[in-house]
Structure formats: C-alpha cells, structure tokens
Amino acid sequence: MKTRAAVAFEKGKPLEIVDVDLEGPKDGEVLVEVKATGICHTDEFTLSGADPEGLFPAILGHEGAGVVVDVGPGVSSVAKGDHVIPLYTPECRSCPSCLSRKTNLCTSIRATQGQGLMPDGTSRFSIDGKPIHHYMGCSTFSNFTVLPEIAVAKVRKDAPFDKICYIGCGVTTGVGAVINTAKVEPGATAVVFGLGGIGLNVIQGLKLVGADMIIGVDLNNSKKAWGERFGMTHFVNPKEVGGDLVAHLVNMTKRGADQIGGADYTFDCTGNVEVMRTALECSHRGWGQSIIIGVAGAGQEIKTRPFQLVTGRVWKGTAFGGARGRTDVPRIVDWYMDGKIQIDPMITHTLPLADINKGFDLMHAGESIRSVVVF
Ligand code: NAD
Ligand code: AHE
Ligand code: ZN
C-alpha cells in the first residue's frame, strides 16, 4: 500500500512530504493508521545529525496515537479497530530485562530498532524499491506505520488522538520521571531545568505527588507563566542570576536547622551537559537525586568532581519515564480522561502533515510547547 509520510532524506534538511510504499504486517506485527503525532525535541535531535544512532533516509516521529487497521499472523493482544499508542520502549514481558522488574528497558527488539529495522531485520517502508529506515520503532510521521504488537499500548476508545499522542513520549517521560524514577515524596523540594514539552510534565508530576517547592529554570522568560500554570512555585533565569547558579539554587532551597540547602530532586530536561552538572551539584548533600532526562549529542560527556557523589548525591537517568508501556500507558490515558493530569494547554499548535516543518521552526524559536500533526 501507499502511505503519505514526512521523510528525513538527509540530516539538517527539512522533511519532505511524499508517498511511500508500505508492506503489510508480518508475524507478530500490526498495521496502524496514525491519527496524530507530536513533535518531540528528540526528533529534532536526530534530524540535526547529533544522534549517534541517526540513520537517513528515515521516517521520524515517535509520539503518536492511532487505530489498528490490520494484524499479521500470530497477533493476539490487539485486534483491528483497537486504539493504540506506539511504544518506542516496548514491553515484551518475557526478556530478561522485563522479567527483572528492575527496568522498563525491554531488550527483545532493541538491536534491530536501533538499526532502523523491524525485528526480522527488514524495513516495511520503501520508495522506488529503496528501503527507508524506521525510527525508534515507531515512524509516526507517516499516516500508516507497522509496529511489533509488543510495541503498542491498547488504550480506551473515547480518548482524543490529538491529545493522547503526547502520552506516547512527553507526558509519560515527565510524569514518569517523577513517579517511577525519582519516586518523589510529598513535601519534597525540586528543581526542573528546561521548561519545554518534557519539563512542564515533570512540573505537573511534582505537583501531582505533592512536592512543596518546585523551582523552574529556563533561559526563556516566557516559560515562567507556563511553569506556574502547572505548579511551579519559583522561576530562575540563569542569565539574570548574578554569580554562581549552583550557589543561587542551593541558597533558595535552604530549609531546616542546618541551613545546608540543595534540592531533594533535580531534573535535567535540556540535554545540555553543563546543565546536567549544575543539576547534580544543586541537589542536597547526603541524599539529593538528579535525574537526567535530556539526551545529548555524539561526543558529549557529563562530568563533576567525584566529591559530589562521595557526599551522597546520586545521578540517575530515565528513558520514557521508567514506564512499562503496555501496562502504564493505558493508566496514564485514564489519568488524563479523569482530569488528574493536563495535556490540552501544552498542545500549543496543531498542524496538517504538509506543515510539519513549521512545527520544527516553532520549536527552534521557543514558541511552542508541543506541536501536534493531525492526519
Ligand atoms: P523543548 O525544546 O520543548 O524544551 C527545552 C527547554 O529547555 C526550552 O524551554 C529551552 O528554553 C530550555 N533550555 C535550553 N537550554 C537551557 C539551559 N542552558 N538552561 C535552562 N533551560 C534551557 O524540548 P523537550 O521536548 O522538552 O525535550 C527536552 C529534552 O528531553 C531533549 O533533550 C529531548 O531529546 C529529551 N527527551 C528525553 C526523553 C527520555 O526518555 N529520556 C524523552 C523525551 C525527550
Ligand atoms: N540514540 C541516542 C539516544 C536517544 C535516547 O536516549 N532516547 C531515549 C528516548 S528519547 C525520547 O524522546 C531512550 O529511550 N533511550 C533508551 C534507548 O534504548 O534508546 C544516542 O545517544 O545514541
Ligand atoms: Zn520524545
């Protein structure tokens, strides 16, 4: 069949909207009609050429929602007509990682996924017989895509596609980082660096679990009002801090008799390795946890004085907010439908596929929180 898709032919170049050939689902695979997809900063990261795993030509996009329109042999967990959210972190429930209960990083298809291929080592997408790579196992910048059944979460049918697509990455990553990875407790103090599509979801997660002090840090002053809307209690623009940012944040978080200062939890949602260091060092001596969410380009490394870790601070990372997709994503859709978390205000722009490059422009300009493409 043919599908309309935004193809990344070369790094750093705008996506091209073209018709692509799509083979039907093979064993254990499903064909999904993508109804809506968000544009995440990670799509921009890969398109820019900074991603060591980036492959071209490829169909990017990993934050979608749609309907199962066909199933391959052996598929048992979903059926035609089911509403689903594609999962770049699948959940097979049988690999050593899934069985460990210690991680959400299912390993059953990670190798082929990283090569832009389906689990059988081939691509379902092609143009004039030349294969086009899949991306993060999802390729939601295509009106139709093929996914392994272990890489879709079945969700309720009354949830709007143009909103719940955001649960396919940003919402789950931000809220999950708070609940699953950091396990933040009521009354905690927290600092969130980068108030974009991920950072605002960290903030709403912190509010949900009852954090007391939620400091947002961003270079863009327009993000102050955004943070406050979701529960941020204080805002810091590093460009307006005279002197050392770590000392400034430690001073703001001084509590109790010893007046040591430092946040219980900090979150990097920028992908900037200097910010990651600041985030670690402004966490509390003895117990501060700093969670790295942002992804950094090839060759980038994090550093700090070992003393920062010797004195009890902990660096942790999180992918997809530590969520087990097939189990947790349907629950997060319920939270949204029950009004426990907000999504609608963060979707600042809705675009047709033809305008997808405008979504990237809005991100570059810092004008959008999330742009969603509706098919
Ligand atoms: P975004 O572009 O919407 O937001 C980034 C924000 O960071 C912007 O508000 C920007 O002004 C701010 N910022 C940039 N540099 C800063 C600095 N030095 N100090 C303070 N603020 C700064 O991006 P997003 O979609 O929210 O994604 C954020 C990061 O998270 C990206 O690196 C993305 O690739 C990554 N990400 C990781 C996961 C995961 O599973 N680990 C999932 C999704 C996204
Ligand atoms: N390919 C990059 C790493 C990119 C990365 O870390 N991706 C996150 C999801 S970002 C979603 O917006 C992730 O899930 N990582 C775990 C994994 O298995 O990829 C690189 O640096 O090579
Ligand atoms: Zn993402």
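Predicted model: local features only at pLDDT ≥ 70, side-chain atom pairs only at ≥ 80, totals over all residues.

**Entry: ligand 2**

I listed what surrounds ligand 2 and got Cys40, Thr42, Asp51, Pro52, Glu53, His62, Tyr88, Arg110, Met136, Cys169, Val295 and Ala319. By class, I get 7 nonpolar, 2 polar and 3 charged residues in that shell.

Next I went through side-chain N or O atoms against the ligand's oxygens. For threonine 42, I find such an atom 2.6 Å from an oxygen of ligand 2. Arginine 110 also has a side-chain N or O atom by a ligand oxygen, at 2.7 Å. For histidine 62, I note 3.1 Å between a polar side-chain atom and an oxygen of ligand 2.

How much of ligand 2 does the protein bury? I get 72% of the 530 Å² that the ligand exposes when taken alone.

**Entry: H1 against H12**

I took H1 as residues 41–48 and H12 as residues 356–364. Their axes come within 11 Å and cross at roughly 100°. Angles from 65 to 115 degrees count as roughly perpendicular, so I file H1 and H12 as roughly perpendicular to each other.

Which residues make the contact? From H1, I have His41, Asp43, Glu44 and Leu47, and from H12, Phe360, Met363 and His364. Sorted by class, this contact has 3 nonpolar, 2 polar and 2 charged residues.

Terms used: Residues numbered from 1 in each chain as written. Chains lettered and ligands numbered in written order. Heavy atoms only, no water. Near = heavy atom within 4 Å. Polar contact = N/O pair within 3.5 Å; in protein donor to acceptor, adjacent residues only side chain to side chain. Areas by Shrake-Rupley, 256 points an atom, 1.4 Å probe, with all protein chains shown as cover. Nonpolar A, V, L, I, M, F, W, Y, C, P; charged D, E, K, R; others polar. Axes fitted to C-alpha atoms, helices over the stretch in contact; angles between N-to-C directions. Helix = DSSP H or I, 4+ residues; strand = E, 2+ residues; numbered from the N terminus. Parallel < 35°, antiparallel > 145°, perpendicular 65-115°, else oblique. Contact = heavy atoms within 4.5 Å.
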